[in-house]
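Here's a quick tour of the model on your screen. Keep the viewer open and follow along.

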Amino acid sequence: MSPQKSGLPDQGPVCERCGLVIPQFPELSPEDEHRIRQLMRDGNQLLAVRALVKATGTPLASAKVWVQHDGRTQPRAPGTTCTYCGGRLRSPRAQQCLECGMDWHDPDRPKKLGATAESRSMPDMESDRELLLAIRDQLAEHANRHADWLAHQREREAKIDADMASALEQQRAQGRFYKLVVLVGLPIFAIICLSVFASSR
Ligand SMILES: [Zn+2]
Ligand SMILES: [Zn+2]
């Protein structure tokens, strides 16, 4: 086994769940392994890591991975296998596979995003672009509807203004008429009254 600079081995069994190579320690004596596994069962993971480092001289990172994995590769988490290629998905909620390039954001119309290695590394950008375009279309449609609504609203306001203006004009005309009646009618009425009064004497 040749530990890398990271302290993790580059060869050995690969964990299905996280993709890390699980270090193996054939030199670990059964007594030490038993003692370390006992520490792990008791929940003393840190002590187990230390004991493993001491017993094997392995780098800390390597001992940590071994203890975290119980010394074994772990099966893939449920829902993290691509139904198209069997590759590993990043999470159970993933909607695209980086292994084969399938994208099922729209489950009814799964599609294959470019097959080249370059485009396979950018499916997120591709779907982001589609999302942005969709949002832009929606905004444009909304703006159109809003413009229609505004025009309609302006028409209504104009009509209300016109109605109010004509009602006001009507009121003013009535007011002028009454004023005229009073201004002309009162003196005539007064003259008639006076003449009736004068002639009755
Ligand atoms: Zn793992
Ligand atoms: Zn796949």
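Predicted model: local features only at pLDDT ≥ 70, side-chain atom pairs only at ≥ 80, totals over all residues.

## The overall picture

As for secondary structure, the chain has five helices and two strands. Walk along the sequence and they turn up in the pattern α-α-α-β-β-α-α. Looking at contacts with a separation of 6 or more, 33% of them in this chain come from residues 24 or more positions apart.

## How α1 and α2 pair up

Now zoom in on helix α1 (residues 30-41) and helix α2 (residues 45-56): their axes come within 7 Å and cross at roughly 160°. An angle over 145 degrees counts as roughly antiparallel, so that's how α1 and α2 run relative to each other. The crossing of the two is left-handed.

Who makes the contact? On the α1 side you'll find D32, R35, I36, L39 and M40, and α2 brings Q45, L47, A48, A51, L52 and A55. Sorted by class, the contact of α1 with α2 has eight nonpolar residues, one polar and two charged.

Next stop is the loop between α3 (60-68) and β1 (102-103), where D70 is found. Most residues other than glycine have a negative phi. D70 isn't a glycine, yet its phi is positive, at about 60°.

Is D70 buried or exposed? D70 has 12 other C-beta atoms within 10 Å, so it is exposed; the cut-off for that label is 12 or fewer.

Conventions. Residues numbered from 1 in each chain as written. Chains lettered and ligands numbered in written order. Helix = DSSP H or I, 4+ residues; strand = E, 2+ residues; numbered from the N terminus. Contact = placed C-beta atoms within 7 Å. Axes fitted to C-alpha atoms, helices over the stretch in contact; angles between N-to-C directions. Parallel < 35°, antiparallel > 145°, perpendicular 65-115°, else oblique. Left-handed = near helix turned anticlockwise from the far one by under 90°. Nonpolar A, V, L, I, M, F, W, Y, C, P; charged D, E, K, R; others polar. Buried ≥ 20, exposed ≤ 12 C-beta atoms within 10 Å, placed from the backbone.
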